[in-house]
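These entries record what I looked up in the structure shown below, taken one interface at a time.

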6 protein chains.
Amino acid sequence: MADEPVVQPIEYEDASDEVRAVYDDIKESRGIDWVNNFWKVLAHDPELLRRTWSDIKHVMGPGALDPLVKEMIYIAVSATNGCEYCTYSHTAAARAKGMTDAQLMEVLAVVGMANETNRLSNGLRPPVDVQFKPR
Amino acid sequence: MADEPVVQPIEYEDASDEVRAVYDDIKESRGIDWVNNFWKVLAHDPELLRRTWSDIKHVMGPGALDPLVKEMIYIAVSATNGCEYCTYSHTAAARAKGMTDAQLMEVLAVVGMANETNRLSNGLRPPVDVQFKPR
Amino acid sequence: MADEPVVQPIEYEDASDEVRAVYDDIKESRGIDWVNNFWKVLAHDPELLRRTWSDIKHVMGPGALDPLVKEMIYIAVSATNGCEYCTYSHTAAARAKGMTDAQLMEVLAVVGMANETNRLSNGLRPPVDVQFKPR
Amino acid sequence: MADEPVVQPIEYEDASDEVRAVYDDIKESRGIDWVNNFWKVLAHDPELLRRTWSDIKHVMGPGALDPLVKEMIYIAVSATNGCEYCTYSHTAAARAKGMTDAQLMEVLAVVGMANETNRLSNGLRPPVDVQFKPR
Amino acid sequence: MADEPVVQPIEYEDASDEVRAVYDDIKESRGIDWVNNFWKVLAHDPELLRRTWSDIKHVMGPGALDPLVKEMIYIAVSATNGCEYCTYSHTAAARAKGMTDAQLMEVLAVVGMANETNRLSNGLRPPVDVQFKPR
Amino acid sequence: MADEPVVQPIEYEDASDEVRAVYDDIKESRGIDWVNNFWKVLAHDPELLRRTWSDIKHVMGPGALDPLVKEMIYIAVSATNGCEYCTYSHTAAARAKGMTDAQLMEVLAVVGMANETNRLSNGLRPPVDVQFKPR
């Protein structure tokens, strides 16, 4: 197992002004005084960093869904894909937004069932019922 | 493209008493008068049918999470896995529970972002920050 | 890399009677005197623990397929999904049921080929031959 | 839905001698008088066609595992990945080798469980037990 | 099989000014007089439409990599994920940028190999060699 | 986390002549004096080792695509599948062939976008436009 990232995280003191501006916005938006490693590796491409942060901030913010629900959906996708970093970071984010252990376990129970029935469907290929077709 | 299922759906009139009992429970629990094809193909293994329905009924029912939130998580997993039948059936189920088009679009916006950042993480492998480690 | 689980495993001495009953059944059914960590983390949701163990015990037990064949299928799915814990635990389970290294290598040779041809099909999209359509 | 392949299948009468030799070997090895569309689209790259057929013939033939077991593993991977063509073709191949409907349903029951527990593991990240570590 | 989209495509004549502005930019940037269905379904969330188009235009445009190479990477991901729409649309896009059938077949040969060896690695778990660790 | 492989790597001094011949060819073809662990675990099945190396050597060598482009496609698939070993080994291989950090970041930006839009398509299911259908 390799504990080292594929590219080294860029720390604040070594960052360009463009990158620092994103780091500052991350800290301010979240009301915390540190930046997590995901952003520090993205910083090797300042435009990718800026765009991804801007998209995440927009998508995960208030909208038609509750922000905690969005974090739970993020956990569901990350567990389905087996993304380790994402599982830890979004579980932490959901907990910071109030997710209880009971809620986490229930998210995963649904994720498990969905992955199971997805494969039963893929293997047996039932026709899509006319009742399910969009208006 | 093959429109035919891998095994033929078993209709109520051709079903064993064991299978009919599950079909009856599905209809009663959902307050509808039909059974969707997923259950009709599972009926080739009555025990798999019984167990899967029992699990789904339990997991998707009331608990620590709102039933509509659970349907949205189901959509998120199904879209991530590319399961066509599941996408149609759970989108229909979520709409029946009140999901608006604005909410559906926002679920998918989160699913899209999560799939994007999952791969940025998988490719760059940032170390999991100590702050994210569980207590 | 984070060596810590997302929720702490619940040991026998800290478990409720409901959880202990499942742990006892796992040990008795398998004829061993310990419980692996997968069940100890599921124990945070006793109903999820009970249901998952009951399903696994039923599905992986004697039936239309040999139990060792089922463990090989489990390895195939786990390697395809990249689930680390599942790969180790089900490879160990298959070896305990008599799988040789030659058989393991052959399982993976098939898994490799299937993943390769799955993507050649997905990319080139040949029509499903009428001869393959179910009766 | 697009019923057309991404590249047109190459029929025997339009094929080069190199491609025809593979088609002939497929028919002879399988004791049938037709070639399925997967090979006919691969034929756009005769070397890829030759190599893939040679690999499949070798991997799926007699060895440490029963050929029917290998077809079941192929179905398991194809259902997990959601490959439609592969699901139909390998279910047909397994049936031709004697797979019953009861066995097919049991393969999928295992595939479903494996996909479910893979995600419970990915979301909760239990440490790999020392007992599971290879000698 | 359901040929109908989950939400109806929004045609130009029914679109808001905000959506029309994106449609116009798609047509102008690509030098064509039509908009493909992907954008027309995204239009149910004008902000998602605007953001996704802006990101795609930026990411797929000139940079450190050749635009045709980027389209090939897009095909590789889409075939790996089994996304039907994406496979057709990006294969068409790559052909419009000059991809030959020989190149397409070679992309898929690499995709096939990568999916095969990914699973051999996932199943056998060789330690990452020190020589591969980033500087 | 388990740092140990599922089967022990077979070192040159413990290898059969058949396996040594492949190791020698790997070293000679690559102009290096070591063999990476992937091949050393495959060596438990000499025929799988021989075949996989022969396929990789052929597929990744000169052809219709530049060898560096092929390595980038390999990274794209490996990051999509979350294969850790493959991500490290093929990123190292691509760097050895001249890939810059800017190119790596751009590969991943495309991979991220493709995974995002694959899921937007899977969830919304736009019909494949007639313009995208192959001739």
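**Entry 1. Domains of chain A.** I took the domain bounds from an automatic or database domain assignment. I note at the outset that the model is predicted. For chain A, the assignment gives domain 1 as residues 8-60 and domain 2 as residues 63-124. I then looked up the separation of the C-alpha centres of domain 1 and domain 2 of chain A, which is 24 Å. Six residues of domain 1 of chain A and five residues of domain 2 of chain A make up the contact.

I next asked how much area domain 1 and domain 2 of chain A bury between them. The value is about 490 Å², with 60% of it on carbon and sulfur atoms. I searched for salt bridges between domain 1 and domain 2 of chain A, and the count is zero. Polar contacts do occur across this interface: the rule finds four residue pairs, both residues at pLDDT 80 or more.

I then listed the elements on the side of domain 1 of chain A that touches domain 2 of chain A; α2 (37-42) and α3 (46-60) of chain A each supply at least two residues. With three residues, α3(A) gives the most to that side. By class, the side of domain 1 of chain A that touches domain 2 of chain A has four nonpolar residues, two polar residues and no charged residues.

**Entry 2. Chain A with chain B.** I turned to the contact between chain A and chain B, which takes 69 residues from chain A and 69 residues from chain B. The area that chain A and chain B bury between them is about 6,200 Å², and 71% of it is on carbon and sulfur atoms.

How many salt bridges are there between chain A and chain B? I find four. I looked up the pair Lys70(B) and Glu106(A), which forms a salt bridge with its closest N and O atoms 2.6 Å apart. Across the interface of chain A and chain B, the rule gives 30 residue pairs in polar contact, both residues at pLDDT 80 or more.

On the side of chain A that touches chain B, the elements giving two or more residues are α2, α3, α4 (67-81), α5 (84-96) and α6 (101-124) of chain A. The largest share of that side comes from α6(A), with 20 residues.

**Entry 3. Salt bridges over all chains.** I ran the salt-bridge rule over all chains, and the count comes to 54. I then examined Arg51(A) and Glu116(B), whose side chains meet in a salt bridge at 3.3 Å, N to O. I asked why this pair joins two chains. Arg51(A) lies in helix α3 of chain A, whereas Glu116(B) lies in helix α6 (residues 101-124) of chain B, so the pair links two chains.

**Entry 4. Chain C with chain E.** I looked up the contact between chain C and chain E, to which chain C gives 22 residues and chain E gives 22 residues. The area buried between chain C and chain E is about 1,800 Å², of which carbon and sulfur atoms give 63%.

I count two salt bridges between chain C and chain E. I also looked up Arg125(C) and Glu84(E), whose side chains meet in a salt bridge at 3.9 Å, N to O. For polar contact between chain C and chain E, the count is six residue pairs, both residues at pLDDT 80 or more.

Which elements give two or more residues to the side of chain C that touches chain E? I find α4 (67-81), α5 (84-96) and α6 (101-124) of chain C. The most comes from α6(C), with 14 residues. By class, I record eleven nonpolar, seven polar and four charged residues on the side of chain C that touches chain E.

**Entry 5. Disulfides.** I searched the whole structure for disulfides and found six over all chains. I looked up Cys83(B) and Cys86(B), which form a disulfide with their sulfur atoms 2.3 Å apart.

Conventions. Residues are numbered from 1 along each chain as its sequence is written. Chains are lettered from A and ligands numbered from 1 in the order in which they are written. This is a predicted model: local features need pLDDT of at least 70, side-chain atom pairs count only at pLDDT 80 or more; totals for chains, interfaces and linings use all residues. Side-chain values use heavy atoms; hydrogens and water are left out. Contact means heavy atoms within 4.5 Å. Buried area is the accessible area (1.4 Å probe) that two parts lose on being put together, summed over both. A polar contact is a pair of N or O atoms within 3.5 Å; within protein, one must be able to donate a hydrogen and the other to accept it, and residues adjacent in sequence count only if both atoms are side-chain atoms. Helices (H or I, at least four residues) and strands (E, at least two) are DSSP runs, numbered from the N terminus. Ala, Val, Leu, Ile, Met, Phe, Trp, Tyr, Cys and Pro count as nonpolar, Asp, Glu, Lys and Arg as charged, and the others, Gly among them, as polar. A disulfide is a pair of cysteine sulfur atoms within 2.5 Å.
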